[in-house]
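Thanks for coming, everyone. I'll keep this brisk and start where the chains meet. Have a look at the model first.

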Amino acid sequence: MHLILVSAGVILLGGLAALSVRSRRWASLLGAGSAAAGSLIGLVPALRAALGAPPESFGFGWPLPGAALSLELDPLAGFFLAVTLALSAVTAVYGVRYLQSTPGERSLGPAWFCFNLLVASMMLVLLAGNGILFLLGWETMALASFFLVAFESEKASTRDAGWVYLVATHLGGAFLLALFVLFARAAGSFEFEAWMGTTLGASTGSFFILAVIGFGTKAGFMPLHVWLPEAHPAAPSHVSALMSGVMIKTGIYGLLRMSSLLGPPPAWWGGLLIGIGLSSGVLGVLFALAQHDLKRLLAYHSVENIGIIALGLGLGLLGMSSGSCTLAALGFGGGLLHVLNHALFKGLLFLGAGSVLHGTGTRRIDDLGGLLKRMPWTGGAFLVGSAAISGLPPLNGFISELLIFCAAIFCVLHPSSPGIVTAGIAAVAGLALIGGLAAACFAKAFGVVFLGEPRTEAARGAHEAGPAMLIPMGALAASCFLIGALPVTVVRALGPLLNQVSGFPLPDIDRVLAEAAGIMAGVGSVIGIVLAAAAAAAGLRAWLQAGRSRETAETWDCGYARPTARMQYTASSFAQPLISLFSPLLRTRERLHGREGFFPKTADWSTETRDASREMLFEPLFNGARQVLGRMRGFQHGQMQIYVLYVVVTLLLLLAVSLRAAP
Amino acid sequence: MNWAACVPMAAGLAAAPLLTSVINRTKAFFAGRQGPPLLQPYYDLAKLLGKGAVYSRTTTWVFRAGPVVGLAGAVGVLALIPAAGLPALAAFPVDWIVFAYVLSLGRFFTVLAALDTGSAFEGMGASREVFFAALAEPALFLALAALAILSRNLSLSGILSGLQPGLWMEKGPALALVVGALFVVLLAENARIPVDDPNTHLELTMIHEGMVLDHCGVDLAFIQYSAGLKLWALSAIIVSLVLPVRAGSPALDSAAFLAGMAGLSVAVGTVESCMARLRLLRVPALLLGACALAALALVLVLR
């Protein structure tokens, strides 16, 4: 625990130091250096706790009523902390070069201060053992990330994105505030320890709903996800990576922590999370397919992956409610492992998108193309991330999705209730569909951005990022491979974490994990066969082709002699069949100009897919609220005498009420 | 090392191209032609393996990786397929999920290789390939999940070698639905009519052939061979379901299995001879129909 405090101290002091220096260079070095160093220091105790070291706590009182500075490091907190700190260190290193290349002479001190504050506040959220302390950390996290999103505040779109994020995060925060106050009233204290085992009776369900809405807004459950596709593209790329990779996971952490405090879950909690998971997963990937902005596409994929995580957690909760240790261990294990995996590959993909933006100046997929030749290392790393997020073996995404598949199949094989069977079938079919669509989406993203011919001058003039940006990406790509290569070790290490989350005894969980490890060993053998076959095929081809003619020519174009880059399939055309099949859900608008007359000369076609829940749920809601509240504006004149009159009238009313109430 | 476990894989590696030739002979029969010799696919492979290469200037290493990863994926898939009552080389619980995802891996790289050429035709093929694959995936998963529940066994080898002919009496409708769904998946995954026409030479209508327009020589040989392996793997699953013959002697079992494979190829050839390719817009309906069949089978199995 002391190492954690040292780590938080280093990060915060470094942030303050960055704020106080004038030079852009020194601000970056101080901010990023302290964030990276502090994260590495904190990683040691976090990993130890995640792997089953006895829980530690730390605390002293605080003059604020109800609050106490109590910190608690158990396997659950340790796991999320380890993920957070690992990605923080990597993104901080990447950010040095990335932020320095931003145009203008803007001072970087505030940006680094906010970055370090964000990391420290995430640590506080994960470690807090007291409701008020948790909420303080939560709000600090929201504000620090808001200022980071609004970093390029001279752009109107960025200001708009920041505004959407601020509103959304506070809406979620309001639900959490209600939840915490109600829970504290029932338990008589804000300490989580006192909450544990409080009997809530009938209100348990409503508390869970409050937690799902409050934490789900941060995590990005459909339809509460509206801020993700706005905020992630607007933020600087290393911040997008940190926010998408780990900050939204604090929502998942909060949900898990809260459900463990709420006591044994009824089956419908699991069902609710499975439903949310499936709708977020399928709709997230469909909306991603329809996007033209690389970072916006990645943001929708965060919604999809949060859906997969929620699916795993929902299956785990079903396991707890039906008393099945196997289902609980597989579901929670898959969901939590996906938390780690998503942090790695989504971090990698956002950093890759940042390098593309850095090297070409655009995020529009249809303006890019052919970047693999100009940015070979970034392209390679992006390919690794694309394969991992599509759940393809031998990378890490496959391992966690396989665990969730196993949980879903277990549901179908052991039908203890009709609900469980339905959940299992829906999860199998849904995950299969999500997997296929994600592969389609990343074939599009990687294929259109990095392959083929450059579509514009910006893409033609792209330049590779420097080693300071490539090394962090390389580290993330290597860890995607590492988890994919060592699934047995990884799965077996989940024991203590699952013991805490599911409440089943450790020996039972270890037995389930040993079985899962057996499956993983089988996966390893198939991957071994695939790799051996690939090596053999590549060797055979090299041997056969040695000494034979090997020419280069134009791409075959059916005899047409002057192909141009504009003839290539674009992101819009690649995704068009899927988009039109799912058009009732996506409501994509198509625009076709200039196809008039018998001999049309020029024509252009474009599509735009706006966020359905923003358009159909939030905009009507906010417009309605504005209309209702607009009527109240009549009370506000700005004239002091009238305000004094309000005070007098209120006081008189209160007096009347209290006189009536008194005997 | 259990050498018997290598037999199904070795048989697949050796005999897979024969299926294509049975299909072609069937189509020739319907057209009143004699058709190419049975060994023609091998001659074609040998010819292609002996050629040099022409690569497009636009392409990168991804283009060269496509055929290699595609072939490796097909070989990996084959290692999971049992045949004639013999278990597969690799068998473990839920290996059929690995089966589907290794297929995806090969497809992902084939699609990327197509996009790497920057050709509109190949982009078109790639777009359609991922479109149909995404819709075929749930059908495949649901069908295999139904089989797993039916046989109370989680590995492909366990499912298929544990199947008894008596099961058809007991669970006939569910099995028939699964076979129907898997047959549609087989047609879609292997680019056969009514989903795709392997013989068409109009680039606009091609899917799989469109994607590989720019490959030649050794690369093209790899692609054709892996297409054969994929066809063999999916056919073997269907044949093991339809003909769960356990005569007791390995020779008889193998003969029944091989006869079944030939029969299935004749069926594919018959479908190709009697039907035209569906309009692209109609294919999703076919694939969603397969999903529905598989889901129905699952419900019947659980009842």
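Start with the contact between the two chains. Chain A puts in 70 residues, and chain B puts in 73 residues. Keep in mind that this is a predicted model.

How much area is buried between chain A and chain B? About 6200 Å². Carbon and sulfur atoms give 75% of that area. On the chain A side, three residues stand out: Leu413(A), Arg541(A) and Tyr569(A). Together they supply 10% of the area that chain A buries against chain B, more than any other three residues.

Now the charged pairs. Side chains of opposite charge can pair when their charged atoms come close. Across the interface of chain A and chain B, the rule finds two salt bridges. One of them joins Arg541(A) to Asp219(B), with the closest N and O atoms 2.6 Å apart.

Polar contacts next. Between chain A and chain B the count is 19 residue pairs, with both residues at pLDDT 80 or more. Which elements of chain A give two or more residues to the side that touches chain B? The list runs H15 (371–374), H16 (376–389), H17 (396–413), H18 (418–450) and H23 (506–545), then strand S3 (550–553) and helix H24 (571–581). H18(A) gives the most, with 16 residues. By class, this side of chain A has 46 nonpolar, 15 polar and nine charged residues.

For a landmark, find Glu551(A): it stands opposite Val54(B) in S1(B).

Stay in chain B for a helix pair. Two packed helices are described by the angle between their axes and the distance between the axes. Take H1(B), residues 6–31, and H2(B), residues 40–49. Their axes come within 8 Å and cross at roughly 115°. From H1(B), the residues in the contact are Ala14(B), Ala15(B), Ala16(B), Pro17(B), Leu18(B) and Ser21(B). From H2(B), they are Pro41(B), Tyr42(B) and Leu45(B). That makes eight nonpolar residues, one polar and no charged ones.

Back to salt bridges, this time over all chains. The structure holds 21. One sits inside chain A, between Glu457(A) and Arg460(A), with the closest N and O atoms 3.2 Å apart. Both residues lie in helix H19(A), residues 457–460. They are three residues apart, about one turn of the helix.

Strand S1(A), residues 56–61, pairs with strand S2(A), residues 68–73. The sense is antiparallel, over six bridges. Phe58(A) stands opposite Leu71(A) in S2(A). Six residues lie between the strands, and Gly66(A) in this hairpin takes a positive phi near 85°.

Now some backbone details to check in your viewer. Where are the cis peptide bonds? One runs from Met222(A) to Pro223(A), with omega near 0°. Pro223(A) is in the loop between H8 (204–219) and H9 (228–234) of chain A. Another runs from Pro393(A) to Pro394(A), with omega near 5°. Pro394(A) is in the loop between H16 and H17 of chain A. Both of those helices are on the list of elements that touch chain B.

Last stop: the loop between H25 and S4 of chain A, where Arg587(A) lies. Arg587(A) has a positive phi of about 50°, although it is not a glycine. Thr588(A) is found in that loop too, between H25 (583–586) and S4 (589–593). What does Thr588(A) touch, leaving out residues up to four places away in sequence? Ile579(A), Thr607(A), Glu608(A) and Thr609(A). With Thr609(A), the side chains make a polar contact of 2.9 Å.

That's my tour. Questions, please.

Technical notes. Residues are numbered from 1 along each chain as its sequence is written. Chains are lettered from A and ligands numbered from 1 in the order in which they are written. Side-chain values use heavy atoms; hydrogens and water are left out. Contact means heavy atoms within 4.5 Å. Buried area is the accessible area (1.4 Å probe) that two parts lose on being put together, summed over both. A salt bridge is a side-chain nitrogen of Lys or Arg within 4 Å of a carboxyl oxygen of Asp or Glu. A polar contact is a pair of N or O atoms within 3.5 Å; within protein, one must be able to donate a hydrogen and the other to accept it, and residues adjacent in sequence count only if both atoms are side-chain atoms. Helices (H or I, at least four residues) and strands (E, at least two) are DSSP runs, numbered from the N terminus. Ala, Val, Leu, Ile, Met, Phe, Trp, Tyr, Cys and Pro count as nonpolar, Asp, Glu, Lys and Arg as charged, and the others, Gly among them, as polar. Two strands pair if DSSP finds at least two bridges between them. Axes are lines fitted to C-alpha atoms, for helices over the stretch in contact, and angles run from 0 to 180 degrees between N-to-C directions.
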